[in-house]
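Please find below a colleague's note on the structure. The points are numbered so that each may be read alongside the model.

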Amino acid sequence: MKNRLRVLRAEREWSQQQLAEALEVSRQSVNAIETGKYDPSLPLAFRIADVFGLPIEQIFLRD
Amino acid sequence: MDETCTETPKVWGLTYWGWAAVFIVAMIGASFASRSGLVPAGAAIWVQLAPLVLVAPMAHAQLGLFRKHGVSSPALTRHNRAMLLTLGAFVVCMCLAVYLSRAYRPTGLAAFALALLAIAPVGGIVWSAARYLREETDEFLRHRAVNALLVSLAFVLIVGSLWGSLQMFGLAAPSLNLWVLPAWGFGFGLGNLWWWTRDR
């Protein structure tokens, strides 16, 4: 699964650490999701969508 | 890209990798010394247990390394503390059991109780790992820990089966099965190392 996490984060000028704190996860988790090494669960994907204020399908895309 | 700081944390001048190298060398050295007759037979068990004290600075350095790479959570900190305590308890219980066994030469039920005392803290290590998996709220860290535990299980199964098979065909000496716990810990470290390298 692809995602636009890095782009969205860059647009808001957030560091991985800041996003990790907003999501209440480790920075390594944000890095693993951003680089496509780990696909988040549905609850975490919804939390990410809430933090960015976007629908989930605008963040996560099919391969 | 992983946004990390550049300085590698050290404990008493050594990084985690330095402590890991010292620990492995000490384990191999202790095993060699006790099997080659360099130390008296009665002292062999103490020599083999001695390198376990190195686990404390190694674990402390590892926590620093994890923090540097953004791998940190309250549950992980609690788990590492519990693991250190149970490992310390393992060394104390093992030494106490060996001392009591040599001093009083118990038989029957008393010998069985001493044997149980020696390995009782292993239950604490299993409990600590189970509690960590239950308490970890960061799903990626939990996923990583499960995979590292599977690597450690595979490592113990492969080494144990291979050693047993070699023994059956007279190619290896009978071993003290106390290697299982360090091998499990080593396998867990290998699993974490693999994930850490992959996620860099």
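**Note on chain B**

1. In this predicted model, 14 residues of chain B are in contact with 14 residues of chain A. Two elements of chain B, α6 (139–168) and α7 (180–199), each give two or more residues to the side that touches chain A. The largest share of that side, four residues, comes from α6(B). By class, the side of chain B that touches chain A consists of six charged, five polar and three nonpolar residues.

2. The length of helix α5 (residues 108–135) of chain B may be checked against expectation. At 1.5 Å a residue, its 28 residues should span 40 Å, and the end C-alpha atoms are 41 Å apart, so the two values agree.

3. B:Pro121 is itself buried, as are B:Ser128 and B:Tyr132 in α5(B). The cover over the buried residues of α5(B) includes α4 (74–104) and α6 of chain B.

4. Is B:Gly191 buried or exposed? This residue is found in helix α7 of chain B. B:Gly191 has 22 other C-beta atoms within 10 Å; a residue counts as buried at 20 or more, and B:Gly191 is therefore buried.

5. Leaving aside residues up to four places away in sequence, B:Gly191 touches B:Asn147, B:Ala148, B:Val151 and B:Ser152. The C-alpha atoms of B:Gly191 and B:Glu135 are separated by 20 Å, and these two residues are 56 residues apart along the chain.

Terms used. Residues numbered from 1 in each chain as written. Chains lettered and ligands numbered in written order. Predicted model: local features only at pLDDT ≥ 70, side-chain atom pairs only at ≥ 80, totals over all residues. Contact = placed C-beta atoms within 7 Å. Nonpolar A, V, L, I, M, F, W, Y, C, P; charged D, E, K, R; others polar. Expected span 1.5 Å × (residues − 1). Buried ≥ 20, exposed ≤ 12 C-beta atoms within 10 Å, placed from the backbone.
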